[in-house]
Amino acid sequence: MVPSRRSWNLGATPSLRGLWRVARARARERELGMARPAPAPASPAARPFPHTGLGRLRTGRGRDTLVGRDEDSSARVAARPGLAQCRARSVEWADSGSPRKLYLTVQVENLKEKLISQSQEVSRLQSELGGTDLEKHRDLLMVENERLRQELQCCEAELQALRAQPAATPCQGCEHVQESTQLRDKVSQLQMEVLENKGMLSELNLEVQQKTDRLAEVELRLKDCLAEKAQEEERLSRRLRNSHETIASLQAQSPPVKYVIKTVEVDSSKTKQALNESQARNQHLQEQVAMQRQVLKEMEQQLESSNQLTTQLRSQISMYETELERAHGKMLEEMQSMEEDKNRAIEEAFARAQVEMKAVHENLAGVRTNLLTLQPALRTLTNDYNGLKRQVRSFPLLLQEALQSVKAEIGQAIEEVNTNNQELLRKYRRELQLRKKCHNELVRLKGNIRVIARVRPITKEDGEGPKAASVVTFDPDDDAVIHLLHKGKPVSFELDKVFSPGASQQDVFQEVQALITSCIDGFNVCIFAYGQTGAGKTYTMEGTRENPGINQRALQLLFSEVQEKAADWEYTITVSVTEIYNEVLRDLLGTEPQEKLEIRLCPDGSGQLYVPGLTEFQVQSVEDINKVFEFGHNNRTTEFTNMNEHSSRSHALLIVTVRGRDCSTGLCTIGKLNLVDLAGSERVGKSGAEGSRLREAQHINKSLSALGDVIAALRSRQGHVPFRNSKLTYLLQDSLNGDSKTLMVVQVSPVEKNSSETLCSLRFAERVRSVELGPGARHTELRSWSSQEHLELEPACQTPQPSARAHSAPASGTSSRPGSIRRKLQSSA
Ligand code: ADP
Ligand code: MG
């Protein structure tokens, strides 16, 4: 509940605190009073006043009598029977004494009663009006108190005047005399009692005094609003005491007065008690008022906080309202703008629609016109469509017929092509046969075994002086003749071809080219380089990096030929590099070059030979060849002799196998090209070799002799060819016999110091070339070709033929034949 009156003056907070303090002090006093057992009062006046020190009567000091006047007293007396009784008694007593005194006493009594009623009024008002109004009323009451005090003073002054008058003599013959006597007796009795109680009272007074002091101390602490009232009441009680004293002195003077005093005393004590009770009630009410105030204060605080909250809420509400208003305004604006947009859009759309409508109308008109013109076209199209439909229906039949006729035509064409192809193939095969036949005829005319000589240029190694002078000359009209000046005597030899020192590698290769090409056609070919160490065998066969010899050129030629025929033929070219040293065959491309290889007959009964474990590399380019040669070269055993800086003591073989397959006929060919760099043919005695060197030389001579024997046997068409006499001939068996082709390049050193070896080499060459003669000659030749003879040619050299075309062959009648054949070939060419 929020009080309706909110504007109370709360400036009286100290007063409230004072009231609270007073209440506390009184409560403490009450406790003290209750702790002490109250002695049985002999009379109402002797009863102690436990609740308050205010308005206390000190009975031991005298008897006080309160007198006063009050116009309203009768009404109040009627309301309070106890008080009315007291007053009746006072009046009764006053009648026996001075009426004025009695009146005053009654007046005092009335004033006190009025004070009590005022206090009650204060309480009531306090309960009704609350703290602030209570204070106002307190002020009013204080004014009232002041007024009453003044009245009391007046009464006391009158009482004083009465006391100053001489004591009234007892009325003679008064009916009250007896009663007065009785009263005096009673008074004296009472006085006795008073005296008895005095001691007790003095003790009590002492105690009361102590308590009073203590209370006074407490009261001193209470300096708030009730302090003034307390002081006032103290003052009143002091005055009352004075009155008591006055009364006591009057009593001492006159018994009736004493009597009255006694009455007053009794009344006064009663009044005091009533006053105390009133004060206690007042106190209680004040406490309640204080509590109410507390509650009120809390409520006010709550109200204040509620007010604050309300204020805040109001401010928020006002803020929200403002916000709402603004939003509303904004929304209205937006709605307005949207409305405008909408109207604008509608207008635009309408305009656009009108334009489109117009265009559509125009289009429609155009379409209508078109429709009118298109109708005849549609009719034509429909007719066409029907015609086409009919055609389509008949199309499969037409198509089938056409297909059949086309098929028949194609079949006929294919047949014709096949027939043509067959004819072409037959012609091609015939051409191949013819070519081979021609080639064979050419080779036959040239000879299956041909011998050419190549004279190397004089080099630095040959030194200087007469020993290094050239002893070789050539016939400018015949490139098959060579002249040697041996020990001052000229010796001439006729071979198939002689290359002077000026001949290039290409020139030499040109001569052997036909042989190499025949390898592709499935012929086996052997090309040997024969001659003493340093005569240029390796140069001719291998050549240098910048100027390669027959080996590399042959392979290059094979590659190009194979490439040319690639449309019809598939070829594979493989190479092996071997070496025969001391009659031991070794694989120079193998991982174990020192390993001894064997030559075996093929188990298929073809009579072919093969070398188990021999490495074969397939080559496709010059780079492959170079790698293979390098690898083989590293593995080759080379040793130096004192005749030349480096001399090969072994036969080096490059075996090229060309396998071909005719793609159209499936015909397979296999041709072998054996390119042999023979070991030095010099004689052991001249090279000064001994021990192992001698054994090497012996092996070399043996194998070279065996080669000579084989070639001689082949040229003379002997039934038995001694292939097995050396590893070299045995290995090359299938490349030497049959329709195989062999070329021997005899390398010649031109210098004088080598003339003996040159002579031997040329004699060997001539003999090889000339063995092909008739059976008788053959036979003769065969005899002259022993392995030993290779080493024993020297004496023969010493008996040169007289003719420039002298031949070492004994049968002069047969020696001209190869030359005549060559000439025939030249003339035919
Ligand atoms: P061989 O193999 O017969 O022992 P080489 O081929 O090693 O002899 O030749 C010996 C030397 O002669 C080498 O230095 C070589 O270059 C050189 N030689 C050989 N023939 C010719 C030639 N036709 N042109 C130039 N130099 C050659
Ligand atoms: Mg060599």
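Thr574 counts as buried, because its relative accessibility is 10%, and buried means under 20%. Please bear in mind that we are looking at a predicted model. Thr574 belongs to strand S7, which covers residues 569-581. One is a polar contact with the side chain of Glu616, at 2.9 Å. Another is a polar contact with the side chain of Arg659, at 3.4 Å.

Let us turn now to the ligand. Which residues surround ligand 1? They are Arg454, Arg456, Pro457, Gln532, Thr533, Gly534, Ala535, Gly536, Lys537, Thr538 and Tyr539. By class, this shell has three nonpolar, five polar and three charged residues. Helix H10, residues 537-541, supplies the largest share of the shell, namely three residues.

Several atom pairs deserve attention here. Gly534 places a backbone N or O atom 2.6 Å from an oxygen atom of ligand 1. For Thr538, a polar side-chain atom lies 2.7 Å from an oxygen atom of the ligand. In the case of Arg454, a polar side-chain atom is 3.4 Å from a nitrogen atom of ligand 1. Taken alone, ligand 1 would expose 550 Å², and the protein buries 76% of that area.

Finally, I direct your attention to the surface. There, Leu309, Leu313 and Ile317 form a nonpolar patch. Together these three residues have about 270 Å² of accessible area. Where is Leu309 found? Leu309 lies in helix H8, which spans residues 255-446.

Note on methods. Residues are numbered from 1 along each chain as its sequence is written. Chains are lettered from A and ligands numbered from 1 in the order in which they are written. This is a predicted model: local features need pLDDT of at least 70, side-chain atom pairs count only at pLDDT 80 or more; totals for chains, interfaces and linings use all residues. Side-chain values use heavy atoms; hydrogens and water are left out. Patches are made of residues with over 30% relative accessible area and no salt bridge: like charges are joined within 9 Å, nonpolar side chains (Val, Leu, Ile, Met, Phe, Trp, Tyr) within 5 Å. Accessible areas come from the Shrake-Rupley method with a 1.4 Å probe; for residues, only the protein chains shown count as cover. A salt bridge is a side-chain nitrogen of Lys or Arg within 4 Å of a carboxyl oxygen of Asp or Glu. Helices (H or I, at least four residues) and strands (E, at least two) are DSSP runs, numbered from the N terminus. A residue is near a molecule or strand if one of its heavy atoms lies within 4 Å of it. A polar contact is a pair of N or O atoms within 3.5 Å; within protein, one must be able to donate a hydrogen and the other to accept it, and residues adjacent in sequence count only if both atoms are side-chain atoms. Ala, Val, Leu, Ile, Met, Phe, Trp, Tyr, Cys and Pro count as nonpolar, Asp, Glu, Lys and Arg as charged, and the others, Gly among them, as polar. Buried means under 20% relative accessible area, exposed over 50%, partly exposed in between (1.4 Å probe, protein chains only).
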